[in-house]
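User: I am new to this structure and would like to understand the terms used for it. Please go through them with me step by step.

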Amino acid sequence: MDLFLEMQRKQSPPVAQPVVDGWALPTSAGRALLNRTRCALLLLVFFATSAWALAQNPPAAATSPDHFTFGPKPGPYAVGFRVVFQYDYSRTFREAVDWLGKPSTGELARPVQTLIWYPAEKSGKPPIVFGDYLASSAKELEPTATKGSVEFLATLKEEYGDEVHEKTWAVRDAPPAPGKFPVVIYAPSFGAPAHENSDMLEYLASNGYIVISSGNVGAHDRGMTDDLEGVEAQRGDISFLIGYAHTQPQADISHIAVAGYSWGGLSNLFAAARDSRIGALISLEGTLRYSPKLVADSGYVHPKEITIPLLYFRRGEMSLEDADREHLLAEAPNVLNELTHADLYDIHMYWMYHGDFSSTTQRDPWYWKNKRDVDYSRSDANESYAWVTRYVLNFLNAYFKQDTQAWQFLKHTPVENGAHARLFNVDFRAASGFAPTLTVFRAEVGKRGFDHVNDVYTAFKAANPDFKLDEQQMVGWGSGLAWFQHFPEAIAILKFDTVLFPDKAYIYDALADAYAKNGQKDLAIASYEKSLAIQPDDPVAKGELEKLKNSTQQKP
């Protein structure tokens, strides 16, 4: 169960539409429609224009501005922007038989409309307007817009009013700036388009980051589903976009972060559990906090094994105490509490509603029609969003660029950084202990020296009594070291393996082979003899032992 969805249903005042992760669906059968229909733009338009307003019940104060304002100034780079329509041919999207029972026509592979923001050189071309981002949504599933999508796009632009004419920082197909830049993959919220947080993504690009995003699309329809299949669909998209980043000449693929909002802030955790190329996570009111059961049910996402830093933003009006009173926290351990081996920045935005974490939502005039706390205006929402983006940038600059000023920013209190004390607070918890994984174990052995592998193992067991090393992985490690002729290190690991798995003859064989290749024939002979003591009839071990003894006897 998604805790966020459950709390919305229990705590929000009655509304006309059902709510899914902050989106209001069009009818009482909205979820079924979302999961079955391929009328992608119809759903997307409804999501983008009206959904979050009902879900969040946000109020516009009388003193609020009548449009969205983004406070941070652009960085040293111009912002380039392009859209690439591509397919992930490793995954199917459409079924072989269509709804009419006839063979499907067209491409069956998964469509991945890809939006890229990048550091660019200044050019004389005018920037795109916000309406251009809205227009990109009409081509999420097909490279060309349909008549219906064009009509709905017109309705959408009417809904946003003057906002569609607001200039952005992005210039389409601007010449790329020279150099290599870290990569940020952006994972949108439930059913949302790739441009959902375009203001933040432009800001990152202007400060030297390549940002790549695709829409939040379900496994086989435009509509996302709030289950493991839905999470895996977006996780697969994240992996696909990381692969795409490898094709970009500007991309520094040694530094890849994944930022996600709401549902995207769950999928990025799943992606990090599968992909060691991801070096940092950013979660804007991520569902990982509200759906621990999905994390537990995955079978492979283990928060205690995550070691990369996480920047987490939470909204103000729903506490876990509320959830506890509704008995929604007993399904699985709290993910943030389990992330003990990763640096965690937990930022509590006191007044922000869930929808406030999206600039596209904040731009929607319809979102501000309902009442909100009189002490928190639209200007305050704009300011809070600006601080979210500043913390995102400094978090990335600190961990990816080792920027001294960014580290100081993270260490300072919000007031010291110039924020109003009433807006938010920052809790930091440093990584501690050893994550119980072979990767971390290897790193610690490499750090202390292979001769100290037993000491490292003892320390890991003390920190994690349930820590276990897999036999095949450990023998593979030692044999791999020997294959690449790192014989002293291979011998240290294989000797340790004989302690962990003393009744395995083949491990003594591998150790003997490493000794022999390292010129330590006497130790090789002793190791083969131990192997034969366990498995006396092994012809290979007998043959190798005889060769070693004969070569030793033939020495002058």
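Analyst: A nonpolar core is a set of buried Ala, Val, Leu, Ile, Met, Phe, Trp, Tyr and Cys residues joined through side-chain atoms within 4.5 Å, where buried means under 20% relative accessible area, exposed over 50% and partly exposed in between (1.4 Å probe, protein chains only). This is a predicted model, in which local features need pLDDT of at least 70, side-chain atom pairs count only at pLDDT 80 or more, and totals for chains, interfaces and linings use all residues. Residues are numbered from 1 along each chain as its sequence is written, and side-chain values use heavy atoms, with hydrogens and water left out.

User: Which residues have the most contacts inside the largest nonpolar core?

Analyst: That core has 60 residues, and those with the most contacts inside it are Trp-117, Phe-313, Val-388, Val-392, Phe-395 and Leu-396. Helix α13 (residues 378–401) gives the most to this core, with twelve residues; helices (H or I, at least four residues) and strands (E, at least two) are DSSP runs, numbered from the N terminus. Apart from it lies another core, of 48 residues, among them Ile-116 and Phe-240.

User: What makes β5 (170–172) and β12 (424–429) edge strands?

Analyst: Each of them pairs on one side only, in an open sheet of ten strands with the order β5-β3-β4-β7-β6-β8-β9-β10-β11-β12 and mixed pairing.

User: How are helix α6 (residues 198–206) and α13 packed?

Analyst: Their axes are 10 Å apart and the helices pack at an angle of about 35°; axes are lines fitted to C-alpha atoms, for helices over the stretch in contact, and angles run from 0 to 180 degrees between N-to-C directions. Contact means heavy atoms within 4.5 Å, and the residues that make it include Met-200 and Leu-204 of α6 and Val-388 and Leu-396 of α13.

Conventions. Two strands pair if DSSP finds at least two bridges between them.
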